[in-house]
Amino acid sequence: MSVLLAIESSCDDTSVAICNNGKITANVIANQTIHQNYGGVIPELASRVHQQNIVPAVQQALIDANVTKQDINAVAFTRGPGLLGSLLVGVSFAKSFALALNIPLISVNHMHAHILAHFIDDPKPNFPFLCLTVSGGHTQIVLVKDYFDMEIVGETLDDAAGEAFDKTAKLLNLPYPGGPLVDKHAKLGNPLAFKFAEPQIADLNFSFSGFKTSILYFIRKQEKDNPNFIAENLDDICASVQHSIVQILMNKLKKAAKQYHIKEVAIAGGVSANSGLRNGLQLAADELGWNIYIPAFQYCTDNAGMIAIAGYQKYLKKDFVGQDVSPKARMEF
């Protein structure tokens, strides 16, 4: 029997999960709404709200999983990458909790955990598989050979796809967080209404900085001719931008699958909750005979359930860290 407590605090969501013999029995996520006032995450505010949320979140997870502190065999936590102040709250709490109960500590890489979220529920991918990890801070194509034997075969050279969604939302005066709102409006619009050029980047890499700039110039030009352009075309703009981003991602993913002769294909990260990307993956699966894997919505965005399942695999190997461990804002993959 193994019961793990897992803590995720890399950005603005405080999350705590319980993993009982490889099964997630609680996954509590405390969202921070304070950042809506500023149109983006304020790191100092994020760390302070983590301090307020972490004890209640741990208590709620224990209640949901019907376990006590004394039942916990190990504590898994996000070491990085992420906002240093936010990570510090989670790491410090994990160390204190483990020290008080004299149980092991398990360090988890946030990006590994996004990929391993596919092992929470069935069906689970078979090794090797390709995983497109897409979030506000990362866009990567990863060749996954084993639980912790992973190789980045393509990544963004500048901005991430999630940033392109967020920047578009800001240009369209949509409130933070804007990515889900772009998706919502895209469902009502024509994805072919407006055309945006696809960046021509070598190999399996991505670039979204130029794409973001092209959207800015497009909207400025249209508003010059028609001040009401955004209000009159909001759904079509969102649909067209989303369609373009999905095409950029899927074209590289198809190229990677062909290059590595792999038909086991997954997506992960916050943007994997996007309906356009999910539909694009399904269309590619139908066309190319892929077996595809998409996490449940609660395991797409930052959550402790993915930290717990990654920690469980490390627990089986007795891969523990000491009390001298410290958070890392930038962490090697």
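Predicted model: local features only at pLDDT ≥ 70, side-chain atom pairs only at ≥ 80, totals over all residues.
View 1. Gly136 is partly exposed, because its relative accessible area is 36%, a value that lies between the 20% under which a residue counts as buried and the 50% over which a residue counts as exposed. This glycine is found in the loop that runs between β6 (129–134) and β7 (139–146). When neighbours within four places in sequence are left aside, Gly136 is in contact with Ala160, Gly162 and Glu163.

**View 2. Residues that carry a "binding site" feature in UniProt.** The unreviewed UniProt entry places this feature at Thr133, Val134, Ser135, Gly136, Gly137, Asp166, Gly179, Asp183 and Asn274. From this set, the lining of the largest pocket takes in Ser135, Gly136, Gly137, Asp166, Gly179, Asp183 and Asn274.

**View 3. Asn274 and its surroundings.** Asn274 sits in the loop between β9 (264–268) and α8 (275–288), and this residue counts as buried because its relative accessibility is 7%, where the cut-off is under 20%. Apart from neighbours within four places in sequence, the residues in contact with Asn274 are Phe165, Asp183, Gln242 and Val246. With Gln242 there is also a polar contact of 2.8 Å, which joins the side chains of Asn274 and Gln242.

**View 4. Helix α2, residues 84–101.** This helix has 18 residues and reaches 26 Å from its first C-alpha to its last, close to the 26 Å expected at 1.5 Å a residue. Its buried residues, among them Leu87, Val91 and Phe97, pack against β1 (3–8), α1 (43–65), β4 (74–80) and β5 (105–109). After α2 comes Asn102, whose phi is positive, near 55 degrees.

Notes:
Residues numbered from 1 in each chain as written. Heavy atoms only, no water. Helix = DSSP H or I, 4+ residues; strand = E, 2+ residues; numbered from the N terminus. Expected span 1.5 Å × (residues − 1). Buried < 20%, exposed > 50% of the residue type's maximum accessible area, 1.4 Å probe, protein only. Contact = heavy atoms within 4.5 Å. UniProt positions renumbered as here; feature names shortened; annotations may be inferred. 1 Å grid on protein atoms, 1.4 Å probe; cavity = no way out; pocket = protein on both sides within 12 Å on 5 of 7 lines; lining within 4 Å. Polar contact = N/O pair within 3.5 Å; in protein donor to acceptor, adjacent residues only side chain to side chain.
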